[in-house]
Amino acid sequence: MNDVLLELSGIDKVFPGVRALKDAQFDVRRGEVHALIGENGAGKSTLIKIVSGVYQPDSGEIRLAGAPVEFSNPREAHSAGIATIYQELGLYPELSVAENIFMGHAPTRKRLGFETIDWEQMEAGAEALLADLNIHNLDVGAKVGALNVGNRQRVEIAKALSLNAQILIMDEPTAALTESDVEQLFSIVRLLRERGVSIIYISHRLNEVFELADRVTVLRDGEYIGTHNVADTSEAELISMMVGRRIENLFPKQAAQIGEVVLDVRNLNRPPLTRDVSFTVRAGEIVGLAGLVGSGRSETAQVIFGVLPAEAGEIRLNGEAVKITRPSEAVDYGIGYVPEDRGHQGLIREMTIRENTSMAVLESVSNYSFVNRAKERTLANRAIQQLSIRATGPDQTANKLSGGNQQKVVVSKWLASNPKLLIMDEPTRGIDVGAKAEIHRLMSRLAAEDGLAILMISSELPEILAMSDRILVMREGRLVGEFSREEATQEIIAHAMMSASAVGGAREGDGDYPAPARSIRKGSSPTLANAGNRKKSTSNALGGDLEGD
């Protein structure tokens with residue numbers, strides 16, 4: 001563990017208008033998992049792109065096995081035994097598993113005087129590499145595009161091993177994985193460590209750092225802050241190093257005055273993942289929506305917003321029945337929707353903050369079909385100030401912002417439309433702990449001070465429990481539990497998500513529906529309350545994870 005394999009020192013990198021790294025340093029030893037953490041914009045991505053040959057440092061030194069090296073491109077880094085698995089996997093969906101694993105270095109043989117790919121050897125080699133990772137149920141002839149995220153990631157790891165990687169860089173590897181996939185990934189990481197492979201592990205999830213890593217290095221604002229043995233540090237210390245201050249309250253929930261019902265959903269149907277769903281959201285209330293993979297949380301939000309129009313059921317806004325068949329109608333009725341995938345669904349990343357902020361209210365910033373840029377700029381400047389968006393100005397492109405600031409831009413787009421209801425799907429996914437606290441503070445303020453009704457979908461139970469006034473639980477497309485803030489615990493919510501039965505607290509302000517049972521009596525079997533037409537799931541399938549639908 002004292003054998004340093006890779007060492008970076010004095011690394012500087014400047015982009016136009018931005019100093020991404022300043023005198024940064026980092027090292028990784030043979031056969032260790034070294035976590036690299038920091039807020040969005042701390043310089044982590046720039047550092048690993050320098051290690052992998054995507055960028056070249058402006059100054060500083062890189063030493064590999066004690067010898068200075070310079071990588072002009074990723075191929076040179078690959079040749080030196082460095083492989084990177086990015087959050088956005090770089091695979092070819094129309095090619096097979098074997099073809100992806102050996103892309104660029106497929107085995108060949110002579111046939112009729114010509115060099116051709118040896119398909120049998122390639123498939124056998126792919127099977128051997130996967131077996132070496134204890135992966136035995138993956139068809140090497142299957143198209144990668146047909147695989148789930150977990151299996152695609154395993155293909156990426158096998159591809160790295162096919163290049164004889166000594167150092168494997170993993171950038172947010174669990175961001176889109178289910179619990180079972182995460183467990184298998186952790187097993188693979190530990191297996192590789194035992195075989196002497198060094199792993200640079202980047203994650204916003206500190207629990208993963210403490211579970212997997214041997215050492216952890218913190219960057220902040222492009223500068224090296226410190227390195228600790230994981231066994232000798234704490235979550236509080238790492239958070240303080242990351243943000244430059246102590247975060248006393250990650251979930252700053254304000255007490256809100258709960259008002260009248262804003263959203264009333266009745267027997268909403270869009271099979272297979274929205275079945276007889278009924279619930280309410282009130283002014284000033286944050287309603288959390290929890291569930292396992294495939295439970296239908298995101299699909300229900302998309303039905304309400306008109307992305308997937310309902311086949312049956314009723315949506316009422318402020319007591320008035322409305323029919324929503326497309327998102328533009330939802331916006332007209334005062335609904336905003338912050339989607340789970342901000343990069344592809346929430347923003348146009350190549351556009352500026354100004355252009356993104358005005359996207360939902362173009363008519364209000366236009367004169368005779370021409371967009372008034374001055375009005376756009378005023379709107380964007382107000383958003384930057386109100387939401388504390390860290391940017392050079394309204395004309396900065398969205399893809400140059402950190403993840404947390406991109407999320408704020410998405411929120412600002414919908415706040416510009418003065419919504420009555422804001423649906424937030426995974427509002428803090430993929431952002432650092434400091435940005436999470438800021439998003440939570442914003443949500444709480446919008447509900448408590450502005451009276452906004454918020455439906456929050458989240459995969460993180462601590463977030464659901466801390467930020468919600470009421471909690472709904474979905475399972476297999478149906479609502480199976482409803483709990484007040486006071487009665488909800490992690491055990492109760494997890495039981496409702498995974499068990500064959502679930503119970504819920506009384507439903508507030510729901511005169512048209514009998515209230516479900518509040519609790520399970522001791523000694524009795526858990527049963528589902530039949531709340532009017534709200535049918536409950538009685539399937540006994542178990543397992544899954546609090547990940548995105």
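## A tour of the salt bridges

Start by selecting Asp 58, which is partly exposed at a relative accessible area of 46% (buried means under 20%, exposed over 50%, partly exposed in between, with a 1.4 Å probe and protein chains only). This is a predicted model, where local features need pLDDT of at least 70, side-chain atom pairs count only at pLDDT 80 or more, and totals for chains, interfaces and linings use all residues. Residues are numbered from 1 along each chain as its sequence is written, and side-chain values use heavy atoms, leaving out hydrogens and water.

Lys 13 sits in strand β1 and Asp 58 in the loop between α1 and β4, so the pair ties together parts 45 residues apart in sequence (helices, H or I, have at least four residues and strands, E, at least two, as DSSP runs numbered from the N terminus). Lys 13 is buried, at 11%.

Next, select Arg 195 and Asp 132, whose side chains meet in a salt bridge at 3.0 Å, N to O. Asp 132 is in helix α4 and Arg 195 in the loop between α6 and β10, so this pair ties together parts 63 residues apart in sequence.

Then jump to Lys 253 and Asp 469, with closest N and O atoms 3.1 Å apart in their salt bridge. Asp 469 is buried, at 18% relative accessibility.

Last stop: pick Arg 354, Glu 376, Arg 377 and Asp 395, and you'll have a linked network of salt bridges.

Methods. A salt bridge is a side-chain nitrogen of Lys or Arg within 4 Å of a carboxyl oxygen of Asp or Glu.
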